[in-house]
Amino acid sequence: MFGRRGPRTAEKVEPTAPRIVFFGGKGGVGKTTMAAAHALRLADRGLRTLLVSTDPAHSLGDALALPLGDDPVPVTENLWAREPDADAALRRRVRGIGDDAAAALPREILPAVTRHLEHAAAGPGMAESALADLLMDTMEEVPERWDRLVVDSAPTGHLLRLLHLPELLTPWVQGLARQRERAIDADRFAVGVVGGSGENEDDPLLERLHARRRKLERAAERLREDAEVRLVLVPRRMVLAETDRAARELAETGFRLGAVVINQVPEDVDPEVLTAVRERFAAQGTVELALSEREPLGPDALRALVERLP
Ligand SMILES: Nc1ncnc2c1ncn2[C@@H]1O[C@H](COP(=O)(O)OP(=O)(O)O)[C@@H](O)[C@H]1O
Ligand SMILES: [Mg+2]
């Protein structure tokens, strides 16, 4: 399914590299910095790259020293970056779920469902999940529109939820589809029509639910087959402990882990901690970056920072 490689020579640079890369880790370790730097490097190699933030507290624009917005903004010849509008995405998402529910559920319970959705929309985590929805759409643009997609994620817990979201939503959509099928069957029964098994396919609302389910399934598959997570951490025990748990959960649930970045290594680093980090992630491979005196902001500083990365 992912074998549609174009004739571009740039594709031959990394024949087995996943096309979608997420940067994850605890807050403040350097995810945004690394995502921006990595995306720049891919673009410099001639790959059409989209860099997108799924952290509602966007800071990609700060890292690139460039104002970004809801639509992709050109950064360099092959790099575009985008900070999606979480509120707009959330409104679209609530509308989409409301439409699905209206299509599938009995009319008398709809007001309650709508009230529930309005409450849920204001709840914690909804902006992230709306951005996850948007990310699924963006993933579908790879590789036709983008050779590579680099994702700057919100801190660890959010990233884990984001990666599991397609699977979590599938039963909800399947449940709605079943409700709709029952409603259609009941209608048929009422008018005395004996329908063949394929006739439900003609129902546009049911089709919409099936299309949505297929999209979620594609996203779930894609996240396992064509994506990897690069964890970033700083050499501190507490950060190592959290990153260790995240790595475990990702591995246990079938996600691919790329090389781990040990960032902001100070000159007086505790050698024991550094050794512990190296050993913990020996299987993935580790890359170390010194804590530089200045914040690496803007394309040139970012390029200089990651020159030593493999
Ligand atoms: N190797 C480094 N040396 C010095 N400063 C760094 C380094 N990596 C990141 N920073 C700075 O650390 C801060 C946090 O980085 P950021 O990429 O925003 O982290 P995150 O996205 O994980 O919260 C920013 O000010 C960034 O410029
Ligand atoms: Mg960040």
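Which residue stands opposite Arg82 in S4? Val52 does, and the views below start from that spot in this predicted model.

**View 1. Strand S4 and its two neighbours.**
Strand S4 takes in residues 79–82. On one side it pairs up with strand S2 (residues 49–53): the two run parallel and are joined by four bridges. Look for Val52 opposite Arg82 in S4. Strand S3 (residues 73–76) also pairs with S4, here antiparallel, through three bridges. In this pairing Val73 faces you as the residue opposite Ala81 in S4. To get from S3 to S4, follow the hairpin, which has two residues as its link.

**View 2. The two faces of S4.**
Are the faces of strand S4 covered or uncovered? Both are covered. Leu79 and Ala81 lie on one side, Trp80 and Arg82 on the other, and all four are buried.

**View 3. A cis peptide bond.**
Most peptide bonds are trans. The bond that joins Val142 and Pro143 is cis, with an omega of about 5°. You can find Pro143 in the loop between helix H5 (126–139) and strand S5 (148–152).

**View 4. Two residues with a positive phi.**
A negative phi is what most residues other than glycine have. Ala65 is not a glycine, yet its phi is positive, about 55°. Ala65 sits in the loop between helix H2 (60–64) and S3, and it is exposed, with a relative accessible area of 54%. Gln264 is not a glycine either, and it has a positive phi of about 55°. Gln264 belongs to strand S7 (residues 260–265) and is partly exposed, with a relative accessible area of 29%.

**View 5. The largest pocket.**
How much space lies in the largest pocket? About 390 Å³. Its lining has 20 residues, and the closest to the centre are Arg92, Asp133, Leu134, Asp137 and Lys215. Helix H3 (86–104), H5 and helix H7 (204–225) each supply at least two lining residues, and H3 gives the most, with six. Sorted by class, the lining holds 11 charged, seven nonpolar and two polar residues.

**View 6. The second largest pocket.**
This pocket has a volume of about 330 Å³. Among its 19 lining residues, Gly30, Thr33, Gln264, Glu295 and Pro296 lie nearest the centre. Helix H1 (31–44), H2 and S7 are the elements that give two or more residues to this lining. Its residues divide into eight polar, seven nonpolar and four charged.

Notes. Residues numbered from 1 in each chain as written. Chains lettered and ligands numbered in written order. Predicted model: local features only at pLDDT ≥ 70, side-chain atom pairs only at ≥ 80, totals over all residues. Heavy atoms only, no water. Buried < 20%, exposed > 50% of the residue type's maximum accessible area, 1.4 Å probe, protein only. Pairing = 2+ DSSP bridges. 1 Å grid on protein atoms, 1.4 Å probe; cavity = no way out; pocket = protein on both sides within 12 Å on 5 of 7 lines; lining within 4 Å. Points joined across faces, edges and corners; volume = space filled by probe spheres on them. Nonpolar A, V, L, I, M, F, W, Y, C, P; charged D, E, K, R; others polar.
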